[in-house]
Amino acid sequence: MTATTDPGVTVTELPPPTRITLRVADPTGQPLPTRIGAIEGCALCLGPDEWLLEGDAAADLVAGLPGPYSAVEVSDREITYLLEGPAVLDLLATGCPRDLASMPVGAGARTVYDTAQVVLVREANDRFRLTVWRSFAPHVRALFDIAMREIAAGL
Amino acid sequence: MLLIHCPYCEQDLPELEFAYAGEAHIARPADPSKLTDEEWRDFLFIRTNPKGVHFERWRHVNGCARFFNAVRETVGDKFLATYRADEPRPDISSLTGDAK
Amino acid sequence: MTSYRLQGRGRVDHGKPVNFTFDGKTYQGLAGDTLASALLANGVHLMGRSFKYHRPRGVVSAGSDEPNALMGTRRGPGRFEPNTRATIQEIREGLEAASQNRWPSLAFDMGAINDNLGSLFSAGFYYKTFMWPRAFWDRVYEPVIRNAAGLGVSPTEPDADSYASRFAHVDVLVVGAGPAGLAAALAAGRSGASVMLVDENAEVGGTLLSEPTVVIDGQPAWDWLAATVAELDGLANVQVMPRTTAIGYYHQNLVGLAQRLTDHLAAPPEGAPRERMWKVRAKEVVLAQGALEKPLVFDGNDRPGVMLASAAQTYLNRYGVKVGDRPAIVTAHDSAWHAAFDLAGAGAKPVVIVDMRASVDPALTDRAHALGIEALLGRTVTGTAGRLRVTSLRVNRMEGGKAGEPRDIGCDAVLMCGGWTPCLHLFSHTQGKLAWDEALQVYLPGRKTEAVQIAGAGRGLWSIAASLGDGANAGAAAARDVGLEAEAPVFGVAADRTGSGITLKELPTDRDPAKAKAFIDFQNDVTAKDIRLAVREGMRSIEHVKRYTTNGMATDQGKMSNINGLMIASDALGKAPPQVGLTTFRPPYSPTTFGTFAGYHQDATFEVTRKTPIDPWAEANGAVFEPVALWRRAWFFPKPGEDMHAAVGRECRGARASVGIFDASTLGKIEVVGPDAVTFMERMYTNPWAKLGVGRCRYGLLLGEDGFIRDDGVIGRIAEDRFHVTTTTGGAARVLNMMEDYLQTEWPDLKVWLTSTTEQWAVVALQGPNARKLLEPFVEGLDISAEAFPHMAVAECTVAGFPARLFRVSFTGELGFEVNVPARHGRALWETLWQAGQQYDICPYGTETMHVLRAEKGYIIVGQDTDGTLTPGDAGLTWAIGKAKPDFVGKRSLTRPDMVAKGRKQLVGLLTEDPKVVLQEGAQIVADPAQPKPMTMIGHVTSSYWSDALGRSIAMAVVVDGRERDGQTLHIPMPGGTITAKVVKSTAFLDPENRRLSA
């Protein structure tokens, strides 16, 4: 019989950083990555004209941009979890249909986990940040708890 | 669950990230008031619904959020091509020749 | 142990007895047994009753194709499963199993009378027998048939188990871990490809598990198997998954796997799910599912003790169980001869080998002679005898193509083999074409639609040597296709027992074929004569024959019956089998629990339940909740002893008399930003926006291009280039998608962007005459006096120390404010206002009161008072249309002929004649209650409430030409009698002059 063991992954809610959704028609010459999924500084490129800016540098980046653009603060819109440990890919595979093993460290993506839209950032081989709209967070968290028990059960 | 090539993300990604959005290349008339009732009806409701090659719109709603166009073969349910919303219709014969 | 277990034989653990019960009686098996093998070891062959005729049935197979040995299995409350295949279910300590479809007992079953009424249940009996009288159908026929015909009973308790699901991405998925699958996994695994090897059985090995005498690379089969599994387990890139059934093969190499995790464990670990659904995306798939043995079709081929020859061989070699002491073998293929030889070698005394063929390989007959087994060639089998277990076999000579003189041969088991059919179910899921092979008389894989290879017996290769080689080639090719260097390993095989055979229809008989019970589909009780009858009665397509007879329509999907059914139908139609064709295989490959499909979606995680930041306060304060889209919202806040009616009445009074507080956080919010924001708003919404000043709000109405109302909400202009748009709670995602669609694809030139801020803001609404008095002390940086901050004003300010967007809006007709603060502060703001509001008897109210208050004012709710067919004109909202605008979404449709024709349904008020009667929402309305049925319905009630403020009921309804009927009396027929009500053109029941609003 397999005893219940350490699931090999932890889930931690992080304090909310400043988050800004930035939309710019033409990012040429701006300090913004242009490949979808790429991260430069505080900016993650989510779409051809969309960036998620996170952290203290976000406001300064926006202030330095020539118009026109749209910057909307969404710091409170979502919750971020830090997922860390050798079993992190198994944990995410319980609900995310993407092949995350092939996601490079230092990249990100908007995708889904179960029925919730999420933004994933791979910080290290065994460490991801997952950002999800506030009201979907308890559902995602509940699924993580179930999945962690499942992984710990060892079957 | 299909794999769909997003022409903006330039990746093959799972269908769960996408949403279907109807037939493609039906532009909203610049001045609808100039259309007859019949023309406006056709714009609203008349679709080709082919058995075979279909030009359609998808949105990478759980991804880059872009609407884009796709050529899909409706019998085998295979995508022949996807392309950006502002690109012209691709040549069908180049796609159906020996499509895998 | 009983006499049927052979000491030391098989792969079961003879040192580990396992106790289980069957129909209440305790039996002992061994670790490694299935329910079927353990029962056979105890001499139990009778395992169930058949579907229609309630005939006694024993186990036929040793695998997932089993049609007969289906049982109810149980592990305590909430853990009951009907129709468990005894051939797949491993025994565990304490397992409870029970036979099905019998009453009062398995040995004596009243329903067996159906067996004597066989003519009643012939092909098409559903369509022919129970036609008349019509009224009998619902009350008599269906309940009786449902009760009498059918297998297990549905569980009645909620499933106490949990289920899991997992996505996976691999280079090569190998389905089936027999010789071909193992070789494929080795070849691909050694190349470095990521490989998943799955098998539905408890143990990998496939045929090797029942062919221990084969020698591979100089090692006995089981030693080679152990070494191979060890090598695969040692490769980090290879995952070997037994107890895992590939149930469906979908587009672009997505394969669904159902993995059984705990059903074989006596004590599953804490938190372990029972089963897991895998959704595997593979670059390459190798299907190595082997072949399925076919029964022979003769009268009495379903008697307990009659089984497939390969099953007997598996029970012997894998489980160490003799299925009988004196088995008779009937076959059309060489393979069954080897089963006889193995049984003889294990101490059984096979009484006869009857082969339908006139001649066979002399090596076989020589071996039979040497073992003292009588061999009869060129015979037919015409019957069996025995009540609950076969006792004899009736064998006839063939004379001039006809059955001749019969002879009865005593036996205690009949082992049959009608040849083998490649298992191509999954391949068929992909719409891969099957091609009839005339030489082998089987269907083989033809044109492929996916990146897939079929290896081994699935391609008609019947020997282990050929399967190993074929699998190795397929695995190496798959690895090369994903860009790796791979070599196919070469295996040296000795003592391989290959063979050949023929494919037959039902066997010739000297008796009346119309009386023969020669079964094709054991699970659905379909016989050979049913197929012939279906053809006689005009069925020509194999799909029609299938549906008319139900052949192949049971949960085993005709794994045993399809080819036999086809051969007989072809013969009856006078066509070759490929001209008749096969029916379509569909997922799932074998029965799969609902739980596996549901995965994590049960109980609290059944679906997302969205909660606002203020939800915990509502919960702590006794709110009753209702679902609104995915949200749960506080519905009402009952005080002790209050019912809903009393609570809602009190909440309404509280808001109208002093101040109510309401959580409006779920409203959809979209920030529209950019230099072209106003142009975009002009095009999307019906209303004019250009002249809306910064700091002002307007009610916005959104149509579809078809002119029907899609959504509405208050929209504030925060800056020249920034709007704060609100949508309905349920419409938020839809509206944003629609806006993005226009923006991206119709007007990409506009410099404007949309961002959802629904969850950025928590929204606290204060409504009532004391709303300003309560709020004013907490507002900094803004004068909210009536003059400085009038109705429909918006401003950014600070409220209770939190940055806020403050709206002066009302959905109640009272003086009202909606305070938007960043979501993390929502609860603190609510509690601050709640505390301060005590001096005004502040009243928290829920969505029901919100609905009543807005209905008293005649404000519509999109989706309740509109249903997707109402225009602004129908809803009385033409005032919201910017008449001077050249265009907006839906404008052109508003002048289509049908949209301006008379006879459209219009939204009006309805006041019941008896003010105490509250109409039912959805109730139908008629003009004349005396008209004959079916009456002409002219509309329906959309909203209906008891209004505390008005002391009577109020309702809104859509009625044909409703506004022209102002003052008319209409009728609402209900089960308890017809209700009369008067139409009022205006739905503003309370304070139509809006005096309270502008206070």
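Chain C has 24 helices and 51 strands, taken as DSSP runs numbered from the N terminus (H or I, at least four residues, for helices; E, at least two, for strands). Bear in mind that this is a predicted model, where local features need pLDDT of at least 70, side-chain atom pairs count only at pLDDT 80 or more, and totals for chains, interfaces and linings use all residues. Residues are numbered from 1 along each chain as its sequence is written, chains are lettered from A in the order written, and side-chain values use heavy atoms, leaving out hydrogens and water.

On to the interface: 43 residues of chain C are in contact with 42 residues of chain A, contact being heavy atoms within 4.5 Å. About 3600 Å² is buried between the two chains, 61% of that from carbon and sulfur atoms; this is the accessible area (1.4 Å probe) lost on putting the parts together, summed over both.

There are five salt bridges between chain C and chain A, each a side-chain nitrogen of Lys or Arg within 4 Å of a carboxyl oxygen of Asp or Glu. A:Glu150 forms a salt bridge with C:Arg166, with the closest N and O atoms 3.0 Å apart.

Which elements of chain C give two or more residues to the side that touches chain A? They're β8 (163-175), β35 (668-673) and β39 (753-756) of chain C. β8(C) gives the most, with five residues.
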